[in-house]
Amino acid sequence: NAGVTQTPKFQVLKTGQSMTLQCAQDMNHEYMSWYRQDPGMGLRLIHYSVGAGITDQGEVPNGYNVSRSTTEDFPLRLLSAAPSQTSVYFCASSNPPGQGTLGQPQHFGDGTRLSIL
Amino acid sequence: AQRVTQPEKLLSVFKGAPVELKCNYSYSGSPELFWYVQYSRQRLQLLLRHISRESIKGFTADLNKGETSFHLKKPFAQEEDSAMYYCALKSYGQNFVFGPGTRLSVLP
């Protein structure tokens, strides 16, 4: 059971370059999200999706695009990389609230460590 | 607005000592609270959630609605508990909100 798979694990970019961070989950989860993790800031939500074809912005969406063409995949695109986007990026997925609960716990990928020079 | 605070960025305790990682939240309704743990350079893992009222790896957390707190406790810390701990809140129709995290260092 792979869970949430992120690729690549590490990446170095030059300012202005574009790239796509891949995220795939095999748990048939409807909800997927992207976070960035910065020291002292915790995890901040970039974009999220509640199902195929539906995406929305989180707390820090600027400079990032997402799409959700399938339930399994939720790629994150950096359009024109900037040094401020140097961070560790985590993808997560979960099911919608179950009966009697407000939310199912999120399952996280291993993260992508991204450096922008 | 929903918010989660973890007042300690770093908490150092000696092996065998009790440990308490503080978490406070602001939300007027009844949220679900979670604790996640991240060991060095690994993915975040769910440690526990308040509705299941379970003890994982000796950790417990009680939701105090009056104080809007969900502090994580363990009576005897182990060196393998050294990690980053995140408190998170989930409310109906809203996204998860994470606190800034507390790094726990258990000294030998």
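Predicted model: local features only at pLDDT ≥ 70, side-chain atom pairs only at ≥ 80, totals over all residues.

The lining of the second largest pocket has, by class, nine nonpolar, eight polar and three charged residues, where Ala, Val, Leu, Ile, Met, Phe, Trp, Tyr, Cys and Pro count as nonpolar, Asp, Glu, Lys and Arg as charged, and the others, Gly among them, as polar. Residues are numbered from 1 along each chain as its sequence is written, with chains lettered from A and ligands numbered from 1 in the order in which they are written.

The second largest pocket has a volume of about 420 Å³. Of the 20 residues that line it, A:Leu43, A:Glu59, B:Gln2, B:Val97 and B:Phe98 are the closest to its centre. Two or more lining residues come from each of strand S5 (42-51) of chain A and strands S1 (3-5) and S10 (97-98) of chain B; strands (E, at least two residues) and helices (H or I, at least four) are DSSP runs numbered from the N terminus. On a 1 Å grid over the protein atoms alone, a pocket is an open set of points where a 1.4 Å probe fits, with protein on both sides within 12 Å along at least five of seven lines, and lining residues have an atom within 4 Å of a point. Grid points are joined across faces, edges and corners, and a volume is the space filled by probe spheres set on the points.

The largest pocket, for its part, has a volume of about 630 Å³ and is lined by 30 residues, of which A:Gln37, A:Val88, A:Arg113, B:Gln38 and B:Arg103 lie nearest its centre. S11 of chain A gives the most to this lining, with four residues, and the lining of the largest pocket divides into eleven nonpolar, twelve polar and seven charged residues.

The contact between the chains (heavy atoms within 4.5 Å) takes 21 residues from chain A and 21 residues from chain B. About 1900 Å² is buried between chain B and chain A, with carbon and sulfur atoms giving 54%; buried area is the accessible area (1.4 Å probe) that two parts lose on being put together, summed over both. In chain B, the residues that lose the most area to chain A are B:Arg43, B:Asn95 and B:Phe96, together 31% of what that side buries.

One salt bridge is counted between chain B and chain A, a salt bridge being a side-chain nitrogen of Lys or Arg within 4 Å of a carboxyl oxygen of Asp or Glu. The side chains of A:Asp110 and B:Arg43 meet in a salt bridge, 2.7 Å from N to O. A:Asp110 lies in the loop between strand S10 (107-108) and S11 of chain A, and B:Arg43 in the loop between S5 and S6 of chain B, so the pair joins two chains.

Six residue pairs are in polar contact between chain B and chain A, both residues at pLDDT 80 or more; such a contact is a pair of N or O atoms within 3.5 Å, where within protein one must be able to donate a hydrogen and the other to accept it, and residues adjacent in sequence count only if both atoms are side-chain atoms. The side of chain B that touches chain A draws at least two residues from each of strands S5 (32-38), S6 (45-49) and S9 (83-90) of chain B. S5 of chain B gives the largest share of that side, four residues.

Methods: Heavy atoms only, no water.
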